[in-house]
Each structure stands twice: as structure tokens, then as C-alpha cells.
Amino acid sequence: MTYNTLEVTKDGGVCIIKLNRPKALNALCAELTKELDDALTKLEADDKIGCVILTGSEKAFAAGADITELKDGTFLGMYKHDVFGLYWESVARFRKPIIAAVAGYALGGGCEIAMMCDFIIAADNARFGQPEINLGVMPGAGGTQRLTKAVGKSKAMDMCLTGRMMKADEAHACGLVSRVVPLDDLMETTLEAAKKIAAQSQPIAMMTKEAVNTSFETTLSQGIHFERRLFQSMFSTEDQKEGMAAFIEKRKPHFNNK
């Protein structure tokens, strides 16, 4: 896959998508988000890929939406075209596991895209923020919703109303990111996690992701019921039989994604 605003590389069962607009600090323009949607659609259908890493540069994961494209927008235009829902949400809709490897600035849309991933591994120089209020608007791609679910009302209000940035250690302490590592170790650590995921049974990993995501959308009793049915359904797969047999036989399992 060749794109103007992305670098896409594969390493075994892992695909690394690097946002590549360095002069604009990876600002999320229409071309980039359309290309990201296209790349994820193709990777969804690629049976060889079990996990995706989404990353940027050492200076910026993504410094926000491309304001030059938004400044003259109208309500009707934004409503009719809904580019956030059409292209940006492709990250959230992606069914396979996807990890955000964040270094530098993840602001506005950059923070929102990172939160659409299944979890975030951050470099120690990462900075997260929703500074849209400084532009006379508010977050519009999930920032007021996903951020609140991740860090709670008080901290989300603080970030969305003041526009302040959150450093990596604070983001880790409040649950926005899963791990913080030195900048030099970011991609090695993330790739290690991605390869671990990609080595698992793809359908089981996808169902596990679906179950965890369901916890944000339902009551506890509904979530438990959904989890129980998915767990029971896994006993119809060849990979469940292989995984448990390998455990008993003290060997490494060989999953066939069936």
C-alpha cells in the first residue's frame, strides 16, 4: 500500500501505520483521514495481519485537525459530509486490535484518534490535550465522550475547558494510557506487544476486543451476559481446542484462526 500521507510497513502479523505529514505535525487533513480509512479497510481483509500499530513522529503523533480545512466550514457542510464519522471513526470501527504508539503531541483530533485505538503506549515526551476551546469550538470527534470515560468527569472538564496539555505520567496515572516508556523504547515496546497479540487466535482476539468495548456501552449485567455468551461460543472454535491442548501438553499453541 502506497500513500501520500502515510507510511505503511508490515512485520510478520503486525502492520505499522505511520502518519507522515511532518511539516504540519501530522495534522489530520482530509487526504490523510481518507487514506487511513482505506488502509484500515484493506488490513481488515488481510488474514495475515493480526494487529496494527498507529503512530506518528517523535515530535508529534498528530497535533490536531487541519484547521486550514475547517476554518470556513458551515453547519450544513459539516453535517452533510460528517468527515469525522465517515473517515476518522474508521479507527474505532476497526475490528482487529489496534495500538496507538504516541510520542510528542497528541492534541485535539490527534488525542481523539489515539483514544479510538484499543490502548495507548506513550513515550515519556508525549503530551495529550483537547485545546479546541481556544479556537472557539469544542472537541467534535469523541473528545468530550471518550476522554470522560477514560479519565473521569473532573479531569475531562479541566482539559476541555482550559485546553491544557496532560503529560505522559499524568495520562498514565489517570488511565488514559496503558504504559509510559522512554522515547527510544517506544516502537520496540509497542511492536513487542503487537506481535504478542498477532500471535494469538485472530477471532478470539477480535471477540475479546468486542467484549471489552461492550463494557462501555451497556450495564454490568448486560455486559456480563454478552461476555458469557462470547466465552461459550469460543468452545466451537478449533483454536480453543488447540490452546487448551497445548497448555496441558506444555507446548506452544499453533493457532489457525478457526
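This is a predicted model: local features need pLDDT of at least 70, side-chain atom pairs count only at pLDDT 80 or more; totals for chains, interfaces and linings use all residues.
Residues are numbered from 1 along each chain as its sequence is written, and side-chain values use heavy atoms, without hydrogens and water.

**Helix packing**

Two packed helices are described by the angle between their axes and the distance between the axes. Helices here are DSSP runs (H or I, at least four residues), numbered from the N terminus. Axes are lines fitted to C-alpha atoms over the stretch in contact, and angles run from 0 to 180 degrees between N-to-C directions.

| Helix pair | Angle | Axis distance |
|---|---|---|
| Helix 6 (residues 109-116) and helix 7 | roughly 55 degrees | within 10 Å |
| Helix 7 (residues 143-151) and helix 8 (residues 153-162) | about 140 degrees | 7 Å |

Helix 7 is oblique to helix 8. Their crossing is right-handed, the near helix being turned clockwise from the far one by less than a right angle. Contact means heavy atoms within 4.5 Å. Helix 7 brings Gly143, Thr144, Leu147, Thr148 and Val151. Helix 8 brings Lys153, Lys155, Ala156, Met159 and Cys160. By class, that makes 5 nonpolar, 3 polar and 2 charged residues. Ala, Val, Leu, Ile, Met, Phe, Trp, Tyr, Cys and Pro count as nonpolar, Asp, Glu, Lys and Arg as charged, and the others, Gly among them, as polar.

Helix 6 passes helix 7 in a left-handed crossing. Glu112, Met115 and Met116 of helix 6 meet Gly143, Arg146 and Leu147 of helix 7. This contact has 3 nonpolar, 1 polar and 2 charged residues.

**Burial**

Helix 6 is mostly covered, with 8 of its 8 residues buried. Buried means under 20% relative accessible area, with a 1.4 Å probe and protein chains only. Among the buried residues are Cys111, Glu112 and Ile113.

Threonine 189 sits in helix 10 (residues 186-198). Threonine 189 is buried too, at a relative accessible area of 16%. Beyond its neighbours within four places in sequence, threonine 189 touches Arg179 and Val181.

**Cores**

A nonpolar core is a set of buried Ala, Val, Leu, Ile, Met, Phe, Trp, Tyr and Cys residues joined through side-chain atoms within 4.5 Å. The largest has 50 residues, and Ile17, Phe128 and Leu176 touch the most other members. Apart from it lies another core, of 15 residues, including Val14 and Leu191.

Key:
Helices (H or I, at least four residues) and strands (E, at least two) are DSSP runs, numbered from the N terminus. Angles under 35 degrees count as roughly parallel, over 145 as roughly antiparallel, 65 to 115 as roughly perpendicular and the rest as oblique.
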